[in-house]
Amino acid sequence: MNLVKKLVHESKYLVVFSGSGMQRDCGHKSLRDPERAYRIEAEYGYSPEEMFSSAFYNTRIEPFYQFYKKEILSEEMKPGAAYQAIASLEKEGIVKTVITKEIYGMCKKAGCKNVLELHGDIEENRCPRCGKVYSKQYIKEAKKVPLCEDCMVTIRPGIRFYGEMIDNGIMTKVANEIAKADVFLALGVRLDPDFCDQTLSYYTGDKRILLTNREDPGDVNADYVVHGNLNEIVPQIL
Ligand SMILES: [Zn+2]
């Protein structure tokens, strides 16, 4: 851990990737969690993958919003000590960019300013016609399907559905940031072939640090690995 701390503090351009393990250590169960997925399928008659897709959204808008409001928007997520630690490293100027796939804006809630959200943010829902942005609260309070108050068209959730392409503009920024990094810090991420191919391949250095709560075969793709609860180990690099 001391070595990791040293590498972090001596870095010139540190890029952080905040993975699903970060949320798990804050008590969040993802839609893909088997227990949760089973319960959702029993309750709605569809799997979370089916419902959280653009096909479902485009054809069954009312049940989609029922599911979305209850299963996604009603979760109250608070960033734990690991997120706070990353935010203070950013404030010190050590962390340059945080990349994440989570949709709850946790990094921003902790105080990070330079965040690239690959899968969007539940707070940034847009009218597809005029582009007006609506908060999570507005979507939650809508009677059935939330409509733009100016255009009366359905507001599109500010997140990426399963199987949807990631926005090109964001993908380019992410690739550029990772290419600039001398140290790449992955938190709660599985370094599986997909991740290595789509994300880690932009990194050209030899300081891939992985802090994670679950052992995984992909761990061998990191140069430095520390296992443990992220809310305990991430603050140790401060
Ligand atoms: Zn509008």
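Five bridges, or 5 in the count, join β1 to strand β2 (residues 95-100), and the two run parallel. The model here is a predicted one.

As for burial, 5 of the 5 residues of β1 (residues 14-18) are buried, so the strand is largely enclosed by the rest of the structure. In a regular strand, side chains alternate between the two faces of the sheet. Here L14, V16 and S18 point one way from β1, while V15 and F17 point the other way, and all of them are buried.

Next comes the largest nonpolar core, which has 44 residues; V16, I86, F184, A186, L187, I209 and V234 are the ones that touch the most other members. At least two residues of this core come from each of β1, α7 (81-91), β2, α8 (106-110), α10 (168-180), β6, β7 (208-212) and α12 (230-233).

Setting aside neighbours within four places in sequence, V234 is in contact with A82, A85, I86, L187 and L211. Apart from this core lies another one, of 6 residues, with F52, Y65, F67 and Y68 among them.

How values were computed. Residues numbered from 1 in each chain as written. Predicted model: local features only at pLDDT ≥ 70, side-chain atom pairs only at ≥ 80, totals over all residues. Buried ≥ 20, exposed ≤ 12 C-beta atoms within 10 Å, placed from the backbone. Helix = DSSP H or I, 4+ residues; strand = E, 2+ residues; numbered from the N terminus. Pairing = 2+ DSSP bridges. Core = buried A, V, L, I, M, F, W, Y, C linked by C-beta atoms within 7 Å. Contact = placed C-beta atoms within 7 Å.
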